[in-house]
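My notes follow in the order I took them.

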Amino acid sequence: MLISCRRATELVELRSAAPLSLADRARLEMHLRICTACRRYSRQSALLDAALSGPGAPIPSEEVERVIAAVNDRLDR
Ligand SMILES: [Zn+2]
């Protein structure tokens with residue numbers, strides 16, 4: 001069963017807060033395989049997490065804004 005882009009982005013967000021269940025991971029993985037936009041979103045989210053949890057590396061504000069804009073764009077759909 002395929003999940004919506006909205007659900008996929010939610011799972012990406014949840015993933016950065018806590019490990020997903022096996023079922024959710026499989027659903028997300030399946031969605032990311034067919035959806036370029038969510039794949040890009042997932043990658044950005046992973047980069048952001050890495051930056052936030054990294055050794056105090058500052059995130060360029062335009063990068064943060066780009067990610068936020070991408071999130072809003074997805075949620076509007
Ligand atoms: Zn999608």
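I counted four helices and zero strands in the chain; helices (H or I, at least four residues) and strands (E, at least two) are DSSP runs, numbered from the N terminus. From the N terminus on, I read the order as α-α-α-α.

I note that this is a predicted model, where local features need pLDDT of at least 70, side-chain atom pairs count only at pLDDT 80 or more, and totals for chains, interfaces and linings use all residues. Residues are numbered from 1 along each chain as its sequence is written.

Helix α1 (residues 5–17) packs with helix α3 (residues 36–53) at an angle of about 15 degrees, and their axes are 10 Å apart. Axes are lines fitted to C-alpha atoms, for helices over the stretch in contact, and angles run from 0 to 180 degrees between N-to-C directions. I therefore logged α1 and α3 as roughly parallel to each other (angles under 35 degrees).

I then listed the residues that meet: Cys5, Ala8, Thr9, Val12 and Ser16 from α1, and Ala37, Cys38, Tyr41, Ser42, Ser45 and Asp49 from α3. Contact means C-beta atoms, placed from the backbone, within 7 Å.

For the whole chain, I noted that the C-alpha trace spans about 40 × 25 × 15 Å along its principal axes. Of the contacts with a separation of 6 or more, 60% join residues 24 or more positions apart. Buried residues make up 12% of the 77 residues; buried means 20 or more other C-beta atoms, placed from the backbone, within 10 Å of the residue's own.

Key. Angles under 35 degrees count as roughly parallel, over 145 as roughly antiparallel, 65 to 115 as roughly perpendicular and the rest as oblique. Two residues are in contact if their C-beta atoms, placed from the backbone, lie within 7 Å.
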